[in-house]
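This report goes through selected local features of one model. Please keep the sequence and the structure in view while reading.

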Amino acid sequence: MGIDAVKPSPVPIKEENSSNQSTSLLSFDTDISTATTAAEPSTTTVLLFSLLLSTCIALSAAVAFAILFFSSIRSTNHHHTSTAIQIARPLTKLTHPVVILISSDGFRFGYQFKTPTPNIHRLINNGTEAETGLIPVYPTLTFPNHYSIATGLYPAYHGIINNKFIDPIAGDSFTMASHEPKWWLGEPIWETIANHGLKAATYFWPGSEVKKGLWDCPVNYCAPYNESVPFEERVDTVLNYFDLPNPDIPIFMTLYFEDPDHQGHQVGPDDPQITEAISHIDALIGRLIKGLEKRGVFEDVTIIMVGDHGMVGTCDQKVIFLDDLSSWINIPTQWVKDYTPVLSIRPPSDQSPSEIVAKMNQGLSSGKVKNGDKLKVYLKEDLPKRLHYWDSDRIPPIIGLVAEGFKIEQKDLESKECGGSHGYDNAFFSMRTIFIGHGPRFPRGSFQQWVIIICKECAFASSLTPFLYQEMHKPIINLLDVPRTIEF
Ligand SMILES: [Zn+2]
Ligand SMILES: [Zn+2]
């Protein structure tokens, strides 16, 4: 999570060295459906191709998987016969299902191929994966995404619209160390579980320390965030839960690693440090597998491994300075709630947001502002609808979308920093992360087979619009056989 000097939180740190960024699969103004299609490997089925064309960003390969999974569990619940039902294997040692949800922060899709990752690939080969990656929610930042995973809601609806922001009504500030329930809307999965009198355990997850419903962040089942805890110790704590008597084993556990996000900010996505971090993450997965095997429960446990977003290289000349717009409009620093990559501007109430947007865009498109064509400013309600980023007072009225790998700053301080960043439009391939599932209800097989099954079983092309994390959330709930207290 973090390297914030003050609070334990996933604050991006300053960039230092140059790095190559991946080729964008999407020019700045390109329509998402075209771009996403371009990102698919040639082996992807026609069905997946049509899926991507006919729906928006949410219907990624990961969603397709999640939809199938959800539908298969739903079918199970309804005692329907389907191919997917056959994937469920009976538990052999545990008396109830257990899900371990693992997050490796900033695990950009593709990192798993940088170096041998035998343990991660063991999960993939005996389970399943989002073959073309998982598309995070916008903004592609740590807290909004982790809490979307937990709640199945877009940031505008779960309230964590950025890693830090100001409540425009009360005037107080949210930071990554804010644990007051008023910030954290929706119902995270650990709360759902606690509300049903069942046990969950969280080993770091944004929002997990917030007391909501019957979830009171119980001692020994809810670790207070401390980035200095060695990763191995985190794995071992989760493993120790399996030494409890069967009824006391939590049905849901989270496990969180700050890497490779930490390294990604420092050196960008293409650097030996990333490779090393991936090897370490793989070793931790190996430690978890080995520990579960030793206890005879590996095949009984469902493991879901995800990241929260990707990473892209940023460097020196790729900057837009707001002061360069002064011939058109002056943007005082007090108006700017966040600079980059999610430019967030809240002008005083006597100013017209639409006039400000018009003047900024006039300047940016004039050809006289350095990199002006790499930033486009919107009233939040005019942002592309696929971003679902407007329906909250917490989101400032003016939002700027910046091109992949570019930064926004107030003025030119002639810094020469390079490194990595995220938070960009989730249409960029570099922002994609991973989704891997392994366990009694995940099939052993390739993702392509899944796609074919999905399309045989679901008429999803037009009807399923919820976001991928929402679809991913449902199977977790269904896996646990916990009825949901609220519907989204
Ligand atoms: Zn980060
Ligand atoms: Zn993150």
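Two strands are taken to pair if DSSP finds at least two bridges between them. Helices (H or I, at least four residues) and strands (E, at least two) are DSSP runs, numbered from the N terminus. The model is predicted, so local features need pLDDT of at least 70 and side-chain atom pairs count only at pLDDT 80 or more, whereas totals for chains, interfaces and linings use all residues. Residues are numbered from 1 along each chain as its sequence is written, chains are lettered from A and ligands numbered from 1 in the order in which they are written, and side-chain values use heavy atoms, with hydrogens and water left out.

**Strand β16 and its partner**

Strands β9 (residues 312-315) and β16 run antiparallel and are joined by four bridges. Thr 314 has Gly 419 in β16 as its bridge partner. Within β16 (residues 418-421), Cys 418 and Gly 420 point one way, while Gly 419 and Ser 421 point the other way. All of these β16 residues are buried; buried means under 20% relative accessible area, exposed over 50%, and partly exposed in between (1.4 Å probe, protein chains only).

Distant parts of the chain are linked here: Asp 261 is in helix α9 (residues 261-267) and His 422 is in the loop between β16 and β17 (435-438), 161 residues apart. Asp 261 and His 422 are both buried.

**Backbone exceptions**

Most residues other than glycine have a negative phi, and most peptide bonds are trans.

| Item | Backbone value | Loop |
|---|---|---|
| Tyr 138 to Pro 139, cis | omega about 0 degrees | Pro 139: between β2 (128-129) and α5 (142-151) |
| Thr 340 to Pro 341, cis | omega near -5 degrees | Pro 341: between β11 (336-338) and β12 (342-345) |
| Phe 204 | positive phi, about 70 degrees | between β5 (200-203) and β6 (222-223) |
| Cys 217 | positive phi, about 50 degrees | between β5 and β6 |

Phe 204 counts as buried because its relative accessibility is 1%.
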